[in-house]
Amino acid sequence: MITQKVLKTLEYDKILERLKKHAGSEKAKSDVALLVPSVDIKETERLLTETFEADKLMHEYALNLSFAFDDISFILERAEKASLLTMDEILKVGRVLKASRLVKAAVAKVDDGEILLLKQKTNAIFTDKALEDKIIHSIISPFEMSDNASFELKLIRQKIKRCNEEIRAKLNHFVTSAAYQKYLQDNVITVRDNRHVILVKSEFKGAIPGLIHGQSATGSTLYVEPMAVFDMNNKLKALLSDEEFEIERVLRAFSALITQSGGFIKYGFELMTELDIIFAKAAYAKSIRAVRPNINKKRYIDIVKGRHPLIDEKKVVPISLSVGRGFDILMITGPNTGGKTVTLKAAGLFCLMAQTGLFVPASPDTSLGVFDGIFSDIGDEQSIEQSLSTFSSHMLNIIGILNDFDKNSLLLLDELGAGTDPTEGAAIALAVTAHIKSVGAKAVITTHYNQLKEFSMTESGVENASMDFDPETFAPTYRLAVGIPGTSNAIKIAERLGLPSHIVKTAASLIGEDRRQFENIIVAAEKAKKKAESDLSSAERDRLEAEEELNKIKRERAAFDAERERFRQNLKGQTRIILENASDEAVEIIEEMKRLLKLSDEAALFEARRLKKRLAERAGEYADDADCGRGEKQNAEIIKEDGQISVGDLVFISSLRAKGRVSGLSKTGALVDIGGIKTRLSVGDIYKIKDLSQNNRTADKAVNLSKPIELQAAPSEINLIGKNIDEALYYLDGFIDRAVTGGLGEVRIIHGVGTGKLGRAIQQYLKGHRNTAEFRYGKYGEGERGVTILRLK
């Protein structure tokens, strides 16, 4: 049992007013005002699930459904009676059919196993695309029917158009002829009573034969229908009557179709209105950052960080409140204006909202019970008309509650027993509380009586709570503290508000010693709680800071490891490229030399010598850059072995002057593993050698790039003349690295003067180089502007 009085007291009506703003149709807006909370747990779960599904469709699938349609309830009632519907009424039905079809199609496209209830509703919506299209195409506006409404209407209107043209052509003869000009008031043609007329001066009445259809307000102008167009106007009037008859016939046809499908259209309209309200609930939930509460079967309330939905979100203080688990009655004490009544109302309002299918502005951990009855006694119930005092009104309300509530009820009682003698009021409050406890109902009660505070501390099933306050300034914080009774702090608040100090002292002295000690204990407990909370908060901050510092170190370590791995991979890749380039180029040079040696002319011999020199130069370059293990020491350990090369054999690569192991063979060449890097070589470039590692594991192995590199002395200058900019910068970068590794402090870069482009590009590159300390053009005797002197870091 939830009465309208309770709904109004808990401001449920204000929630509905805000909900209405999110509905699209007028019918839904009016139905929202009639919403009442359900008292059935299954129904409550269903309502909340519908809101959840609508929220998911709106915000996860971005469905923007339109519920902007008219209320056709009265229209459908008229259709049931076979009444003739107007164009406006038929057009409204057409718009509902269109909105229904679009909503049904949009929801049907969503493939989500959690969208069940709304799909059941949308699947049951009636649609009739043919009727919808016919209405939309036939009726242009509430007062105009399209020519395409019927074939007959189109023919009639074509005739009307031709007839109008013929009449105007005839009348134009009067208004443009010089013979009639002196009779006419104006050269215009107008219409009176659906008949075309011209404007004749009253003093020339009878000058133009015809019928007079009236005169102007001044009497100076006569509206004359010349006899020449009399028959034509009669024909036009007959056509207009035919048009009206055909329009009525079309309207009757549409009315019959709507009557025929009236039951289906009505059911679909009702479903669309329900969906409009459901989606309005989801939109309202989004606007107040509300979440779906958990519904429990044990009828307990556990509100976590709840915000009263009617208080400005920037000002409201979240509260956490629990009743029904461990205790059935929560006794809230504390100073006036501390937030007791707001807390009381919030507890009841959250239950009402959930039982209506509305989400609540709180943490997702919030859990609410479904109550058969919610009763309240809040605020000043004084009735002047019935000659009842505040206390009497409260008592009548309490008596009514005690007659109706049961163990499945929630009671919200504000200032129980107030408004009369404190001793008697406290006694009544104690007796009422004891009765509520014996029945087993859930209750939230606010009070200032110490007797009730003591009762809560000694009785099982009753818990104390207080509205928090600052123990130094006694200003309210509007936070609920469960487990600690509160003090009214009336004298301290009066003092803070400006009550004279001598009156404050007198008032304090009049309080009994026992009462004073009780209040002091509570204040001391509040200070201790505040300090504990402060210490806990400080410890939590330290923990979070330490955790963040640890995470920062982990992130930096991960970034370092990733950078190290990236560097290793880059180095490996560059080495592979060097070896592959060396191998490919050496093979090409050797093959070309073999071809030239077969020729007997002097030019071929000269070219072969040039290629031999180039091969030697390249071997020297790649020895510096790639460290493939070439050298005198290695060559001295090579012992050629006869026999066919097989997979796994150790071979010597002539072009690279390095050893490797065969990992694959083909008709034209072999795949050789050189220190972990595989390259393809021709069979003529390799020969089998003895594997000394079979006898001595410490003997030579295939080239291993992890061996110490025997560095040659780093060159102190590089000549880049003849290179393009990209080539020059590529060689320059390697040259600088070798110079830094070799410990050189200054190097010379030869680029020539030319157009100056190469020199400028090199110096621009040096500006951003990591190893550049400073640079300059050469001085006299150093090469001047054809040379750049670079000092290294």
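Predicted model: local features only at pLDDT ≥ 70, side-chain atom pairs only at ≥ 80, totals over all residues.
Me: Why is glycine 743 called exposed?
Reply: Glycine 743 has a relative accessibility of 62%, and the term exposed applies over 50%; therefore glycine 743 counts as exposed.

Me: Where does glycine 743 lie?
Reply: Glycine 743 belongs to the loop between helix H21 (725-741) and strand E23 (746-750). Its C-alpha atom is separated by 9.9 Å from that of lysine 793, and the two residues are 50 residues apart along the chain.

Me: What makes strand E10 (residues 329-333) mostly covered?
Reply: Five of the five residues of E10 are buried, a word that requires under 20% relative accessible area. Ile329, Met331 and Thr333 point one way from the strand, while Leu330 and Ile332 point the other way, and all are buried.

Me: How do you know that E10 and strand E14 (residues 442-446) pair?
Reply: Pairing requires at least two bridges, and E10 and E14 have four bridges; therefore the two strands count as paired. The sense is parallel, and leucine 330 has valine 444 in E14 as its bridge partner.

Me: Which residues have the most contacts inside the largest nonpolar core?
Reply: They are Ile301 and Ile374, in a core of 51 residues. Helix H12 (residues 340-354) gives the most to this core, with eight residues. Apart from this core lies another, of 45 residues, including Ile72 and Leu97.

Me: What is isoleucine 374 in contact with, leaving aside its neighbours within four places in sequence?
Reply: Among its contacts are Met1, Ile2, Val6, Cys351 and Leu412; the term contact requires heavy atoms within 4.5 Å.

Terms used:
Residues numbered from 1 in each chain as written. Heavy atoms only, no water. Buried < 20%, exposed > 50% of the residue type's maximum accessible area, 1.4 Å probe, protein only. Core = buried A, V, L, I, M, F, W, Y, C linked by side-chain atoms within 4.5 Å.
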